[in-house]
Structure formats: C-alpha cells, structure tokens
Amino acid sequence: MSGRGRLRGAAAAGLAVLALLIWGLPFPAYETATLLPVETVQLARTEDGRVLLRTEAGDGVGADWSAAVRELRANAPGTVLLDTAEQLVLCTDEPELLQEAAESGDLRPAVQLRYADALRGTDGLAELLHAHESDWTIAEVLARLRRG
C-alpha cells in the first residue's frame, strides 16, 4: 500500500472513531434545568436504625446507603448529582456506614469528611464548611479503615 493509501486509511479510521464518540457512545443525557448539584451530604441514622441522607436537594431514608440514595433521587424535583459534593458530614460514629458511603462510588474520593453530633439545616452549611478546611478526605479515611 502506498503512503497516500495509508494516509487515506488513517483518515477514514479517525473519522470512524470521531463518529463513534459523537453518536455511538452511551453518554447520559440531562436536561440542565433539572440538575441538582449537591455540595454537602449529611449522613445519620434514624431512631429506627435506617440510614438518613440530608442534602440541599432533599432527604433520603433507607435500609442502607444505596436505598437512601435511591429515595433521595426518586423524591427530588430533578436529577441529583452526588458526585459534585465537596463535604460529607458524618452524624454517627459508625465506621461501617462511612465505609459504605465511601465505597459506593456516589461520592468523589476527595470529598472532605466532617463529624457532627446532629443533622443541621442545609441553608448556609456549605459556606460554613468551606470556611474551615477539613484534615481528612473520605479516601484517606477509607484507606485507614482498610489498613485496620
């Protein structure tokens, strides 16, 4: 094959890859007006032992982290984006619950971890937490939990 033929083949392959990227891959489609990016996730246990998530987008309650996230998303007035969260406030002293949240893939590893004795209102909470950096991310805490 001549140099010109190889060049044409490479160009055709490049166009095929570009077409696949534009039209062929299953990218999620969102209506941007309905997106609900979350800044702060508060995680607690209810009196009956269920998991409670409180965010700016609403609350979710379930038997575990995944069930609480499903309820939060089902009841929210749009598409909840947990991967935008910058803070996780743990309102319980259960490392297992923290580990479940961290390993879920719903939160970024760089989310700063905070501790509180009780749930707070969401108004102004993100701004307050941004003013005071945390010493820990959930990735660091998860690594320590795995080491024992």
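Analyst: In this predicted model, the elements that cover the buried residues of helix α3 include the strands β2 (40–45), β3 (51–55), β6 (87–90) and β7 (112–115), together with the helices α2 (65–75) and α5 (138–147). The helix itself runs over residues 95–103, and the residues buried in it are Leu97, Leu98, Ala101 and Ala102. Viewed down the axis of α3, these buried residues fall within an arc of 135°, so they line one face of the helix. Just after α3 comes Gly105, which takes a positive phi of about 85°.

One of the covering strands, β7, holds Arg114. With a relative accessibility of 12%, Arg114 counts as buried, because the cut-off for that word is under 20%. Leaving aside residues up to four places away in sequence, Arg114 touches Gln87, Leu88, Val89 and Leu90, and also Leu129, His132, Glu133 and Ser134. The side chain of Arg114 is joined to that of Gln112 by a polar contact of 3.2 Å, while the C-alpha atoms of Arg114 and Asp135, which lie 21 residues apart along the chain, are separated by 8.8 Å.

Of its 148 residues, 34% count as buried, and among contacts between residues at least 6 apart in sequence, 60% join residues at least 24 apart.

Note on methods
Residues numbered from 1 in each chain as written. Predicted model: local features only at pLDDT ≥ 70, side-chain atom pairs only at ≥ 80, totals over all residues. Heavy atoms only, no water. Buried < 20%, exposed > 50% of the residue type's maximum accessible area, 1.4 Å probe, protein only. Helix = DSSP H or I, 4+ residues; strand = E, 2+ residues; numbered from the N terminus. Arc of directions from axis to C-beta. Contact = heavy atoms within 4.5 Å. Polar contact = N/O pair within 3.5 Å; in protein donor to acceptor, adjacent residues only side chain to side chain.
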